[in-house]
Number of protein chains: 2
Amino acid sequence: MTATQARRATRQGAAVEEVLRAADGFRTAQEVFAAAVAAGHRIGLTTVYRHLNSLAEDGRADVVHAGDGEAQYRLCGADDGGGHHHHVVCRTCGRSEEVAAPEVERWAERVAGAAGYTEVSHTVEVFGLCPEHATHPRATRS
Amino acid sequence: MTATQARRATRQGAAVEEVLRAADGFRTAQEVFAAAVAAGHRIGLTTVYRHLNSLAEDGRADVVHAGDGEAQYRLCGADDGGGHHHHVVCRTCGRSEEVAAPEVERWAERVAGAAGYTEVSHTVEVFGLCPEHATHPRATRS
DNA sequence: GCATGAAACGGGAACCGTTGTCATCTACTG
DNA sequence: CAGTAGATGACAACGGTTCCCGTTTCATGC
């Protein structure tokens, strides 16, 4: 299961990756589709979903579920050796910063183990407003 | 504004809470609906959703989005004040343990702040298999 | 370069969970 | 006990995602 040589090289697959690479943040499948079409690519929504899922499966893309039932995708380093990571995502523009979270990993393992749970997985997503989209300084910010 | 006495006391509202209380884990809205009907309550799916959302809004229930677009609900201590907490949820039966996560709270604030993000919120869900549903030790690394 | 088999594509329908609509019903108040 | 605001629920609408299946395109051998 090393070589997940799933897909054949196609224009559409390239288009999806291209759109994803051009965006420096998370995008929904529909946004990717719209962007690809806008860029002149001939591609169907179904195909966008197919490629997005393939990328996610192969670990070439990260997925977050924003909580309102809309999955968002983002390209990430092909085989980011050992680095399971998380993101801080801007609620407004989808921009994101990648952050490592060794403490959180350990914490998850520990509390789950303490409760007797096995095969532990976890989802950690941090949402916020990036500097550019920060609202009026409600606290003491200058 | 303390008493968010939003809803009138009705049989249906009681039924939803009853079902939720009987289950010691997370349940989807549809499951709650099915259980209520099975228990002989006369109630509609719409109403189940309404009460579930009310409970969640008032902080009387926790919600997790299992990642496949299905929200799951669980009763929790009425007004547990500042106690923002998380859960370890069994993938198979929905059973869950409540866990406090002060370190994670701090971590989220810190990394988001470091990246210049404000209005930070986060979702942390840990999934696993409870002792009862553990599979044979497969040595699989997540 | 061209034929060929297989994989990928894509339009539209199907699905599924969730929310909106609105006429009817019911829990509370006076 | 009657009046009324609010709750209910059957059904339709909705939005995101997946399935279906005939058509197109890729990759390869000739």
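**View 1. Polar contacts and salt bridges link chain A and chain B.** In this predicted model, 16 residue pairs, both at pLDDT 80 or more, are in polar contact between chain A and chain B. A polar contact here is a pair of N or O atoms within 3.5 Å; within protein, one must be able to donate a hydrogen and the other to accept it, and residues adjacent in sequence count only if both atoms are side-chain atoms. The two chains also share 2 salt bridges (a side-chain nitrogen of Lys or Arg within 4 Å of a carboxyl oxygen of Asp or Glu). Glu103(A) makes one with Arg110(B), with 3.1 Å between the closest N and O atoms.

**View 2. β6(A) lines up with β6(B).** These strands (DSSP runs of E, at least two residues) pair in the antiparallel sense over 9 bridges; pairing takes at least two DSSP bridges. Look for Val126(A), which sits opposite His122(B).

View 3. Trp107(A), Tyr117(A) and Glu119(A) supply 24% of what chain A buries against chain B, more than any other three residues.

**Reading the labels.** Residues count from 1 along each chain as its sequence is written, and chains are lettered from A in the order written. Local features need pLDDT of at least 70, side-chain atom pairs count only at pLDDT 80 or more, totals for chains, interfaces and linings use all residues, and side-chain values use heavy atoms, leaving out hydrogens and water.

Terms used: Buried area is the accessible area (1.4 Å probe) that two parts lose on being put together, summed over both. Helices (H or I, at least four residues) and strands (E, at least two) are DSSP runs, numbered from the N terminus.
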